[in-house]
Amino acid sequence: MNNTTLGVVAVAAAGAGAVATLALSDLLTPKYGIILRATDQDISPEKWPAIEAVLARNPPVTPYANARVSLYRIREFKDGVAQGNKDDGEMVETQLLEDRRVPEHFTGHAFQIGVGAIERSKKVPSQTPEMPQAHFRPNLLESKEMVKEVTAILENN
Amino acid sequence: MGMKTHVLRAVSLFSATSFGLIIFGCSKPERLDGDEQKHGLILRNIPEEKWNRILEVLNADSVTPDATPRKKLFRIKTYTSGNPPAEMGELDEEMLLGEFPSDQGFKGHAVQIGLGVKPDFDTYPASATRFASETSPAPSPEPSATPITLHAHFKQNLKESQIMVQKVDAILNETSTPSPSP
């Protein structure tokens, strides 16, 4: 192998590594929400107590965030039929990213954990002071934290 | 220079590149201020000559199917000296990304236009059937004790926010034309 070939191989390897690392970093970065359509095979019933503990954590870890109960909405289904009289969690229904339909004969847990959105705003003028106590921003950050904690449980085999 | 040295250099380059990307690639910024399309504007001190045109945008009908009326997607306080601020728009206070200024020492308009966020979520499991209202077939209603929401308004409101921001941003970015002399 001559020097040129070796150089080309090194650059190609570095490029492939860069692409792979960027893709990996995006996968590893916690999202701001999870839309659930999880059957009992997807999330075993033994994991739900740990997930429920994350959802019930009080106070939230983000200063000024709302209680976590307002940042999720989950319903259990058996053979396509919603169980119980109401959803778990009090996330406003108009904040759900997807509607309430579930697959036919669905058995498992559905709906949403976290707001599921990341801030993309622009301030005019740009030097307008930060106002950390406004509610929506802390709720976005708390959503991300919830997703991180729930994902850790889901990935723990 | 031997073959071993070249291989070592290649491995070093690869490792350094990957390490750098791990360090910097994983720290995705919470908010970007570049050219990425914004979904919300937080404004203060809007030039008066642009104000009426911005109000036209805010008062227009929503163009995104199933989005709520635009008045639900903005909130404005207009501060004048000695008076409590006049309010317009019905964006839920819980959805504000920034607090409005206190009355003292500020005159002008303080505004949030649009929700100021874009979707960022995973579906679990990744293979789950998606039922986004814009892509789904005919609904099979969920037999539920709670009302069925056939349209996910939040996603529609995010789209409508983006459209409002585009239009208002275009007005703000126009260079001012001198007013005609009387």
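**Notebook: loop, core, helix and sheet**

I started at A:Thr62, which sits in the loop between α2 and β2 of chain A. Helices here are DSSP runs of H or I with at least four residues, strands are E runs with at least two, and both are numbered from the N terminus. I note that this is a predicted model, where local features need pLDDT of at least 70, side-chain atom pairs count only at pLDDT 80 or more, and totals for chains, interfaces and linings use all residues. Residues are numbered from 1 along each chain as its sequence is written, with chains lettered from A and ligands numbered from 1 in the order in which they are written.

**Loop of chain A**

The cut-offs: buried is 20 or more other C-beta atoms within 10 Å, exposed is 12 or fewer, partly exposed lies in between, with C-beta atoms placed from the backbone. I then listed the contacts of A:Thr62 beyond four places in sequence: A:Pro138, A:Leu141, A:Glu142 and A:Glu145. Contact means C-beta atoms, placed from the backbone, within 7 Å. The C-alpha atoms of A:Thr62 and A:Glu145 are separated by 8.4 Å, at 83 residues apart along the chain.

A:Arg57 lies in the loop between α2 (48–56) and β2 (72–78) of chain A.

**Core**

I turned to the largest nonpolar core, which has 55 residues. Such a core is a set of buried Ala, Val, Leu, Ile, Met, Phe, Trp, Tyr and Cys residues joined through C-beta atoms within 7 Å. A:Tyr32, A:Leu140 and B:Ile113 are among the members that touch the most others. Helix α3 (residues 136–155) of chain A gives the most to this core, with 6 residues. Contacts of B:Ile113 beyond four places in sequence include B:Phe74, B:Met164 and B:Val168.

**Helix α3 of chain B**

α3 (residues 153–173) of chain B has 21 residues and reaches 30 Å from first C-alpha to last, close to the expected 30 Å. The expected span is 1.5 Å times one less than the number of residues. Its buried residues include B:Met164, B:Val165 and B:Val168. I see the buried residues pack against β1 (40–44), α2 (48–59), β4 (108–113) and β5 (117–119) of chain B.

**Sheet of chain B**

β2 (residues 74–79) pairs antiparallel with β4(B) over 6 bridges. Pairing needs at least two DSSP bridges. B:Tyr79 has B:Gly108 as its bridge partner. β2(B) and β3(B) form a hairpin with 6 residues between them, and B:Gly82 in the turn has a positive phi of about 85°.

Key. Contact = placed C-beta atoms within 7 Å.
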